[in-house]
Amino acid sequence: MILCARFVLADTGAALPALVALAEGLTPVVQALPPEGLLADLAGAEKYFGQDAGQLAAVLRVRALAHLGLDCAIGLAPNPMLAGMAARDAGPGTTRTVRPDEVDRYLATKPVRALDGVGRSTARTLCAYGLDTAGRLAAAPPGTVQRILGARQGRELQERARGIDRTPVVPNASARSLAAERAFPRDELDPVRHRRALLSLAEELGVRLRGADQVCRSLSLTVRYADRSTTTRTRALREPSAHSPALAEQAYALHSALGLQRARVRGISLRVEGLMAAEHAAHQLTFAPEDERARRIEEVADRARAKFGPHAIIPGSLSKAA
C-alpha cells in the first residue's frame, strides 16, 4: 500500500523534513511532497514489521504528534494518486483507506477535477460533454475521450479515472518548482496592494525553500486579470537563492516591467523554478554588513516561525496591510 500523509494545519512546510525523517524510520521509500505532505511505499515495511498499512499509519501519526506537535491526515491506497485523494478526504487525526476492491466505487462519484492532471480548462471541456465524474469518464468509449482531449491525454486520463497510476514513489525526490498565489476579492488597480501581495508571496516561498534546504535559479510571475486572461514573465536570479528579499526584489522588477498602470488585476502568483539543494549553491560574498545582518535575522525568524507558527514574524508592511 502507498501512504500519503499531509499536515492538518496550513503553512507547516518548515516541519516537512522532520516528518520525512520520521517516515523513513518505517520505510526507506519516502518522497517529499512540498510544502506539507509526503508519499511512502509501505510494501516492504508491512512484511518487515509484521503490521498492516493501517497500523503503520497510526505509528507515524503518533510519532508526528510526539516529536512535532502536529497531526496528519493520512490516505492509504494502492497507488500515489489514490493515496493523495484519500488523504484529502481524511479528517484531522484520521486515516482514509481505499482498498483495491473499493477503487471503482470510490472513484465513481468523484468529480473529474479531483484526478491528477485535470486542470480547470480540461475539467470544463469534459463537463461540457457530460463527463463530469471519474466514473462517467472511465465508462466512456476510449475513442470519444481521445477525440475530445487528444490521443495521449485522453488515454492517460481515462486510466486515472479507472484508478490506474503507474507513478512510482521516488525516494528523496525534490520538487522542480514551488508556487504560491494571492487572489484579490475584487478587481485591484492599486499597485501598492500588488506589491504587498508580491512581498507576501516572496516571504512564503522563501520560508518553504529554506525549510526544504533548497534554493531556486529563477522566478516566474503570473498576473491574472478581470477578463481571466493572464500574463507570465520569467527571469533568472543573479545567483541561486532562497533569500526572501532577493525573491521580492526580482518579483518587483518583473511586476514593474509589465507596466500595468490601471490594469484590473484579480490575482498574482509567483513560482520559483530550477530548484537545487542549498548545499550545492554558491553564494557571492559581499562586504556589505547589512546583507549578512539580514540573512542572520532571516535565520532567527525561520526558527521562530517553526516554533510559534508561520505568522509569528512578518514584514512590517504586511502587518500594516492586515
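How many residues lie between strand 7 and strand 8 in their hairpin, and which residue in the turn has a positive phi?

## The hairpin of strands 7 and 8

Strand 7 and strand 8 form a hairpin in which four residues stand between them, and Arg228 in the turn has a positive phi of about 75 degrees. Strands, like helices, are DSSP runs numbered from the N terminus, with at least two residues (E) for a strand and at least four (H or I) for a helix. Strand 7 covers residues 214-225 and strand 8 covers residues 230-241; the two run antiparallel and are joined by eight bridges, among them the one that makes Thr232 in strand 8 the partner of Thr222. Two strands are said to pair if DSSP finds at least two bridges between them.

## How the model is read

This is a predicted model, in which local features need pLDDT of at least 70 and side-chain atom pairs count only at pLDDT 80 or more, while totals for chains, interfaces and linings use all residues. Residues are numbered from 1 along each chain as its sequence is written, and side-chain values use heavy atoms, with hydrogens and water left out.

Strands of a sheet pair through backbone hydrogen bonds, either parallel or antiparallel. Here, five strands form an open sheet in the order 2-3-1-4-5, and the pairing is mixed. Its edges are strand 2 (30-33) and strand 5 (95-97), each of which pairs on one side only, and from one strand to the next the twist averages 15 degrees. Within this sheet, strand 1 (residues 2-7) and strand 3 (residues 37-41) run antiparallel and are joined by five bridges; Leu3 has Ala40 of strand 3 as its bridge partner.

Helix 3 (residues 53-68) packs on the sheet and touches strand 1, strand 4 and strand 5, its direction making about 160 degrees with that of strand 4. Helix 1 (residues 16-24) lies across strand 1, strand 2, strand 3 and strand 4 (72-77), and runs at about 160 degrees to strand 2. Contact here means heavy atoms within 4.5 Å, and the angles, which run from 0 to 180 degrees, are taken between the N-to-C directions of axes fitted as lines to C-alpha atoms, for helices over the stretch in contact.

Ala18 has its place in helix 1 and is partly exposed, with a relative accessible area of 31%. The terms follow relative accessible area, with buried meaning under 20%, exposed over 50% and partly exposed in between (1.4 Å probe, protein chains only). Although Ala18 and Gly211 are 193 residues apart in sequence, their C-alpha atoms are 9.9 Å apart in space.

## Salt bridges

Side chains of opposite charge can pair when their charged atoms come close. The structure holds 12 salt bridges, each defined as a side-chain nitrogen of Lys or Arg within 4 Å of a carboxyl oxygen of Asp or Glu. One of them joins Arg61 and Asp71, at 3.3 Å from N to O; Arg61 lies in helix 3 and Asp71 in the loop between helix 3 and strand 4, so the pair ties together parts that are 10 residues apart in sequence. Of these two partners, Arg61 is buried, with a relative accessible area of 10%, whereas Asp71 is partly exposed at 24%.

Another salt bridge links Arg266 and Asp187, whose closest N and O atoms are 3.3 Å apart. This pair connects distant parts of the chain, since Arg266 belongs to strand 9 (residues 265-273) and Asp187 to strand 6 (residues 177-188), 79 residues apart. Arg266 counts as partly exposed at 26% relative accessibility, and Asp187 counts as partly exposed at 24%.

Glu249 and Arg238 form a salt bridge with their closest N and O atoms 3.8 Å apart, linking helix 11 (residues 244-258), which holds Glu249, to strand 8, which holds Arg238. Glu249 is partly exposed, with a relative accessible area of 43%, but Arg238 is exposed at 78%.

Arg210 is found in helix 10 (residues 191-211) and counts as buried at 18% relative accessibility. Its side chain reaches the backbone oxygen of Ala242 at 2.7 Å.

The count of disulfides, meaning pairs of cysteine sulfur atoms within 2.5 Å, comes to zero. The sulfur of Cys4 is 10.0 Å from the closest cysteine sulfur, that of Cys72, which is too far for a bond. Cys4 counts as buried, at 0% relative accessibility, while Cys127 counts as partly exposed, at 39%.

Methods. Polar contact = N/O pair within 3.5 Å; in protein donor to acceptor, adjacent residues only side chain to side chain.
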